[in-house]
Amino acid sequence: MNNTQKYSVLIVDDENSNIMILTKILSPDYVVFAAKEGRSAIQAAEKYVPDVILLDIVMEDMDGFAVLSELKKSPKTCDIPVIFVSGLSNPRDEERGFLLGVDDYITKPFSPAKVRLRVKNQVKLLEQFRANEYDIKKYKLANDALHIALWDMEIISDDPINPDNIMVFSQEFREMLGFEDENDFPNQISSWMDRLHSDDKQRTMDAFAAHISDRTKQIEYNVEYRLLNKNGEYRYYQALGTSSRGRDDAPVRIAGALVDINDKKLNEEAVEKQNSMLHAVNEAALLLTAAGSGELTAMITRSLEILGRSINADRVQIWQLEATENGRHFIHTHCWESDKTDVSAVPLGFTIPYGANPGWESELMVGRCVSGPISNMLSAEQPFFTEYNVKSTVISPLYLDDKLWGLFRVDDCEEERNFSEYEVAILWSASRMLATVINKNAIADIIHKTEVAIESNRLKSAFLATMSHEIRTPMSAILGLTQIISQEENLPDVATDGLKKIHNSCNMLMGIINDLLDLSKIEAGKLDIVPSVYSIASTIDDTVQMNVMRIGDKPILFEIQLDENIPARMIGDELRIKQIFNNLLSNAIKYTEAGKVILSLSYIATSNKGALIMSIKDTGIGMTHEQVDALFHEYSRFVPESGRLIEGTGLGLTITKNLISLMNGEIYVESEPGAGSLFTVKLPQEKADDEVIGRELADSLMQMQTQQRVEERKLVCERMPYGRALIVDDVETNLYIAEAFLKPYEMQVETAMSGFEAIDKVKSGKTYSIILMDHMMPKMDGIEATKQLRQLGFTNPIVALTANALVGQEAMFLENGFDAFISKPIDTHLLDKVLNELVRDKQPPEVLEAVRQGAEKPKVLTINDNPVILKTINSMLKGLYKVSALPEPKRVREIMEAIKPDLILTSNSMMDAPIMEVMAAIREEDKSGILPVILLAQGSNTDLTTEAANAGACDVIIEPINETELRAKVAEHTRDFMKRR
């Protein structure tokens, strides 16, 4: 397609969803307009004159047939190709459309590939028509600009066309026919007469004689004929002449001109032939669309005959590609052959091995036709054609749903010929129409099978949703109880080890359940990609931190390789991208006993669009080619030579492949047994802005090595004695676990075993800071209970708890009056986040301050030789922290050992000690390696951020000190330190 100017497409449909889908399919290649009504579509077509129109049939104001009729009436829009887009399947509707002049059909639901191919086909035909129109204009201009070749002859009255008559030819005349001079082309009438084409000679001489002998002066001499040139070729010419007359109007002399009109004539013939072929295609389309199932074979044969005769061919065939016991073959399924005696019949059912003609495959697999004389083909390919007297052929690939379905072949058994581009293009279009019709009989069966599959998937999804709830409910209890018991102090080692094994086994089982649910969503077409802006650094950090703990005690070196030019923020489905990363990383670690696992990330940019390239290489057990081929099959697993069973269902890579496909991405696998594997993923991702992660952040992320393996962080719960919670669940064990999870927060907790009981408690006047509401409960579920509570005027937060992960989507709960959503088993970190957001953050600052005063205060050490700064910080942090002041920086080791601070505030402007010496002393004494240090500094933001990082500080506060900023940063870093510690 022309890269400098796109063709335009007008989409006419009263459904927004259809317009959006078609626009998404076509907008990369075309300028797209849209109209939702028939009248506005006609106006848009008149105004913009699009190159192609996609027209829905069923619309409210006027249907597609009426719109098409109006378009055909207007000189401005009558020649625009129109493709009907419809869910109608009645052949009479299709016949009516073709009778009104529609050019093609696309049936709903849409196949993106089919839409693109159908529109591209019309554009290709349009290009050919426009090229022909241009050629006609060009040849007309050229014809007008030609020099006139002159001739004249003295008339012998008794025999005006006597061969011995002297006819004088100009030099231009001789050169026009390829001759040089009078010796080469004598001045006599026979020089001209003998070169007239046999089919034109009598007509031409009769016109010549009629003009000469006409005394009324009414008969003009203006005739077209073919003359044999010196090179042996016939060309078309136009001759014009007029006679001079004497007494009694008797002719005395005739003079005239000759003009070469060969190119014009051939072009007119080509246009006429093209129109004839297009008419043949339309006639064949009408026959096929009107044919019943019992008539289809006969109508296909009749259509092949119509197409064959339009191009003066001797044989037209359809070959279908099918898998047989001996491999893939092209099978001869439909044929028309002329009744010429020298045309040998090709038997139906005859087969050709798929790879028998390598010269075809390279062309057909990329959608191009093979055409021309057989003598131009490879010597290995010629015998099959010569056996059946084929001199020339056109072979067009038949594609259905982006797959090679078969071949459409047209043979000429009389002469070698090079088929023109428009002949090949029209046959290409006809071949796709035939393939579509041939498969039409299978559509009903496909629809039935699809309906059965949809119903099966619906039942399976419903079953899995139910089973998810039924399995997750006891699993939630097991995980919750193990978590609660494991927090008890002085447990025997055997009990601690057993609880850990139970917890890990439950987590593995939950992973299996999640895989099954994801697979069911994919098969049911309910798993959607939800793009949003996300941080790639956060995605990498979360994924790596989760997977690095899987290494355990294995001697594996984990490395990250990052391109610093990766966009910092991209637009995509972060949740699903993390799932892809997790599946591939966990597999690499799982199948590697020792060695190395390398994660590499880069980005290929094209304007705002581009692709995220991720590769994961390991030195693990590797795979055979057979194992790689079966890698993405459902439930596909293989057992290593060691015989050790690998955990998992075999679904992870199947889900990964499907997720990548949903994002229009690609995945490649390289592997050798004993040499490890390399997985490479290419995901189209749009960058959100022009910022890249940069060298500093890339280096920081690449430092996450195996030594950073840490146990799961112990949750530090902030006291919330001011909070009152109501837990609603019909399972007593769930109430027990949820209540235990809230215990560390020192909240007042009540429970209810049904929605009715919860409503009664609120009606009785009890107030709650938060309600944790189970979703699936008998008689009244959590959604209905929440609706009634909202109607009663309860405005405080209600959080959904559900074990139904298939249908328990957060958006659904938020739309039904909930403020948040937590799936079972309850993630204590997520519960903590919800409580902090919905309970703690709703309290006035003085309440929070009073609570914190009652707890052990974090210890803050301020190192500064400026007494004013020490006094200022003490005043700002007094009451919130235990603040110690150190005016002598050189005593930092001694003081740190004595008070063991939770955070240090120091300065880059001290007189007695450079900041780097102070930081070195701090880090030497800091046994944990994670003690937060905040730098109090003077200077610009950019300089100080770099200086703080170089010095080993976790944050920076620019002087003069802002009290709000100081309190916020100290609170953040002390809380984080105490959790990690």
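## Basis of the description

The model is predicted, so local features need pLDDT of at least 70 and side-chain atom pairs count only at pLDDT 80 or more, while totals for chains, interfaces and linings use all residues. Residues are numbered from 1 along each chain as its sequence is written, and side-chain values use heavy atoms, with hydrogens and water left out.

## Overall make-up

The protein has 31 helices and 34 strands. Helices (H or I, at least four residues) and strands (E, at least two) are DSSP runs, numbered from the N terminus.

Of the 981 residues, 46% count as buried. Buried means under 20% relative accessible area, exposed means over 50%, and partly exposed lies in between (1.4 Å probe, protein chains only). The accessible surface of the protein comes to about 49,600 Å², and 51% of this belongs to carbon and sulfur atoms. Accessible areas come from the Shrake-Rupley method with a 1.4 Å probe; for residues, only the protein chains shown count as cover. Among contacts between residues at least 6 apart in sequence, 64% join residues at least 24 apart; contact means heavy atoms within 4.5 Å.

## Helices 3 and 4

Two packed helices are described by the angle between their axes and the distance between the axes. For helix 3 (residues 64-73) and helix 4 (residues 91-100), the axes come within 10 Å and cross at roughly 10°. Axes are lines fitted to C-alpha atoms, for helices over the stretch in contact, and angles run from 0 to 180 degrees between N-to-C directions. Helix 3 and helix 4 are therefore roughly parallel to each other. Angles under 35 degrees count as roughly parallel, over 145 as roughly antiparallel, 65 to 115 as roughly perpendicular and the rest as oblique. Helix 3 contributes Phe65, Leu68, Ser69 and Lys72 to the contact, and helix 4 contributes Asp93, Arg96, Gly97 and Leu100. By class, the contact has three nonpolar, two polar and three charged residues. Here Ala, Val, Leu, Ile, Met, Phe, Trp, Tyr, Cys and Pro count as nonpolar, Asp, Glu, Lys and Arg as charged, and the others, Gly among them, as polar.

Within helix 4, Asp93, Glu94, Gly97 and Phe98 are buried. Seen down the axis of helix 4, these buried residues fall within an arc of 135°, so they line one face of the helix. The arc is that of the directions from the helix axis to the C-beta atoms. On the other side of helix 4, Arg92 and Leu99 are exposed. Gly101, which follows helix 4, has a positive phi, near 110°.

Helix 17 (residues 574-590) contains Asn582, which is buried at a relative accessible area of 15%. Leaving aside neighbours within four places in sequence, Asn582 is in contact with Thr543, Met546 and Asn547. Lys590 also lies in helix 17 and is partly exposed, with a relative accessible area of 26%. The C-alpha atoms of Lys590 and Ile621 are separated by 9.9 Å, and the two residues are 31 apart along the chain.

In helix 21 (residues 732-742), the buried residues are Asn734, Leu735, Ile737, Ala738, Phe741 and Leu742. Viewed down the helix axis, the buried residues of helix 21 fall within an arc of 165°, so they line one face of the helix.

## A buried loop residue

Leu196 is placed in the loop between helix 7 (189-193) and helix 8 (198-213), and counts as buried at 5% relative accessibility. Leaving aside neighbours within four places in sequence, Leu196 is in contact with Lys201, Thr204, Met205, Tyr225, Arg226, Leu227 and Tyr234. Leu196 and Asn229 are 33 residues apart in sequence and 9.8 Å apart in space, C-alpha to C-alpha.

## Backbone features in loops

Most residues other than glycine have a negative phi, and most peptide bonds are trans. Phi of Asn664 is positive, near 60°; Asn664 lies in the loop between helix 19 (652-662) and strand 22 (666-672) and is exposed, with a relative accessible area of 62%. Phi of Lys779 is also positive, near 70°. Lys779 lies in the loop between strand 27 (770-774) and helix 23 (782-791) and is exposed, with a relative accessible area of 85%.

The peptide bond from Lys108 to Pro109 is cis, with omega near 0°, and Pro109 is in the loop between strand 5 (104-107) and helix 5 (112-144). A cis peptide bond also joins Glu959 and Pro960, with omega about 5°; Pro960 is in the loop between strand 34 (955-958) and helix 31 (963-980).
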